[in-house]
Amino acid sequence: MQMTTAQYAFSLLLAAALMPAGASGSELQKVVVKGKQDPSTVVVKGVRDPSAWFRIESQHMIVYSDDDPDDVIELVNNLERLDYLLRLYLKPFMDEQEAMPKPTLYFLKGRVSWPPEIGEEMPFAIGMANSCVSATQVFIYSAGKSWKLQNSSLLHAEDDYTLMHSLWLYSENFLRRHTRIRGPAWFMTGFVAYFGGVRFTDTQMAIGRDAGTSYNWLQAIDEGRAGGRLSFDDVLDFKPTSKPVAYQSAEYYERWEFMGRAFNLMHYMLSSEENRGRMAKYLDAVNNGADSGAAFAEIFGLAGRDLDAAMWRYRRMSLQILQVDVPTLPRADIDFTRLSRIEGEFVLDNAVLKTCPAPTQGGKLLARLTVAAATAPAVDFAQTALSRAQVEWGDPRAAIGYLSRAVDNDPYNPELHYLLGGAYAKLAENAGAKKPDLLALAQASLMQASVLAPEAPETSYALFRVALMGTAPAEKDMGKAITAWRHGYDVPAYARMAALAYAWLGDAADSYQAFNTLVRDNGNPESAAWAASWLARLERGVPRDELLTAMRRENSAPPGFRAWMDGGR
């Protein structure tokens with residue numbers, strides 16, 4: 001792999017420059033946090049009896065961490081720059097949304113003792129992304145310090161694994177959250193390898209590096225130091241298993257080679273304006289049911305031995321790491337809040353609450369939070385976490401008292417309105433004659449939450465679920481399911497409901513697109529099988545009342561999506 005310094009920017013970057021957002025509104029106290037990170041403006045809120053935990057909010061993310069603040073601020077700066085880059089490259093595949101919800105990231109100082117309710121952890125996990133109807137969250141274990149890069153060292157080999165893991169997971173989640181691209185498998189793998197390998201300074205970036213060492217294995221195959229098992233035709237139609245493979249087994253080396261060749265293909269696809277245009281046509285063809293290898297042969301004119309030879313020549317002659325001037329790279333606008341000692345004790349429990357654990361695990365979490373929160377009756381962070389658990393797995397009446405007072409004290413907090421609406425909706429499930437009144441209260445609270453945070457998909461989804469509890473949902477109610485999906489493509493439950501809602505509305509084209517997004521998702525075989533079954537049924541015709549029955553059945557068990565990142569990268 002060649003490294004080249006280039007004093008230019010890709011035409012794609014020049015065509016869609018994005019300037020950092022400026023500050024507005026009343027002046028807040030501003031301090032410059034001294035350390036390794038940029039001297040960015042950081043708004044700091046302090047507390048008495050502080051814990052190691054703190055919260056950061058920037059333009060596009062919310063972060064909790066117990067690690068070194070300087071390191072985390074530098075990580076957030078890098079992730080904001082990656083976000084900027086991903087928006088440029090994926091703009092043709094993104095809907096024009098006015099606003100999107102911010103994912104929540106957890107940078108953990110080391111391997112933590114997870115609350116057991118999160119379920120089984122991958123043995124060699126270094127990170128995890130979880131998307132469900134409660135939230136989109138990414139968890140990353142620190143693997144060491146994250147140092148600020150300088151232009152003079154941008155192309156040097158580096159071993160900042162915390163940064164690599166962070167960029168990798170953020171790229172994968174961004175692709176799933178902002179687009180409906182779900183395949184082919186090589187594209188998903190190559191995409192995160194390519195963008196997980198970018199590196200930034202204040203004014204430059206290095207792009208074209210593989211995130212990890214799988215490309216090294218491909219070089220070893222080229223040099224005769226290892227045996228190859230896959231052709232590029234194999235890679236184009238490869239369907240990797242989600243199960244762990246034994247270290248140094250045949251499957252292990254096959255997966256390693258697949259990742260290296262997927263990166264090779266992605267680098268080639270993004271290497272020119274012409275190839276990027278072909279990439280869009282290729283993904284559109286695959287999205288509409290074309291075979292991956294056949295579509296590549298038709299659009300790029302390469303297949304079989306010709307494709308293998310072309311990719312070998314590309315590796316030898318054109319696969320470069322470029323150092324590019326990008327003067328418009330943004331810096332993070334950071335709102336930094338140090339949590340109190342007691343708040344810090346509830347951070348991981350609050351995170352697990354939003355991973356949508358199974359009911360049995362949720363009940364255990366509720367029991368533990370009931371005891372813990374009793375020691376902190378005046379701490380809103382603790383009481384809000386307890387209220388969420390009570391609404392989901394306990395007696396919602398126990399939450400309504402606190403939430404009603406909290407809404408009065410903090411009327412502009414959308415989460416409180418959302419939870420209060422959820423409590424009323426839960427009570428309405430078995431309320432008999434009082435059900436209409438409770439549903440009206442639920443809808444009023446959820447509408448207020450929607451006014452305060454219109455981009456929040458969980459609120460739109462909750463409003464849709466409340467409408468399903470009534471006797472006759474209207475077309476505008478079906479629109480809530482569609483809004484939830486358009487603001488949270490990464491959540492399978494939103495896609496399921498949107499697909500059924502489109503079908504109920506008689507919109508066959510959009511219904512097919514929503515179902516097809518699930519069918520093409522190799523990372524979620526259960527939802528893929530569900531969607532394929534529905535597509536077959538819809539071809540024969542399904543009455544509206546059956547669709548409504550299916551939506552109400554789905555309402556009770558919304559599935560989520562979880563992806564662990566292991567250390568084998």
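Predicted model: local features only at pLDDT ≥ 70, side-chain atom pairs only at ≥ 80, totals over all residues.
Two strands count as paired here if DSSP finds at least two bridges between them.

- Strand β9 covers residues 204-207, and both of its faces are covered.
- On one side sit Q204 and A206, on the other M205 and I207, and all of them are buried.
- β9 pairs with strand β10 (residues 320-325) in the antiparallel sense, over 4 bridges.
- Strand β8 (residues 199-200) also pairs with β9 in the antiparallel sense, this time over 2 bridges.
- In that pairing, R199 has A206 of β9 as its bridge partner.
- β8 and β9 make a hairpin, with 3 residues between them.

**The disulfide**
- You'll find 1 disulfide in the structure.
- C132 and C356 form it, with their sulfur atoms 2.1 Å apart.
- The link of C132 and C356 is right-handed, with 80° about the S-S bond.
- This pair ties together distant parts of the chain, 224 residues apart: C132 belongs to strand β6 (residues 125-132), while C356 is in the loop between α12 (347-353) and α13 (359-373).
- C132 counts as buried because its relative accessible area is 3%, under the 20% cut-off.
- C356 has a relative accessible area of 30%, so this cysteine is partly exposed.

**Q59, in a loop**
- Look for Q59 in the loop between β3 (50-57) and β4 (62-65).
- A polar atom of the Q59 side chain lies 2.9 Å from the backbone oxygen of R331.
- The Q59 side chain also reaches the backbone nitrogen of D333, again at 2.9 Å.
- Leaving aside residues up to four places away in sequence, Q59 touches E80, K102, R331, A332 and D333.

**S445, in a helix**
- S445 is part of helix α17 (residues 435-452).
- With a relative accessible area of 10%, S445 is buried.
- Not counting residues up to four places away in sequence, S445 touches H417, L420, G421 and Y424.

How values were computed. Residues numbered from 1 in each chain as written. Heavy atoms only, no water. Polar contact = N/O pair within 3.5 Å; in protein donor to acceptor, adjacent residues only side chain to side chain. Contact = heavy atoms within 4.5 Å. Buried < 20%, exposed > 50% of the residue type's maximum accessible area, 1.4 Å probe, protein only. Disulfide = S-S within 2.5 Å.
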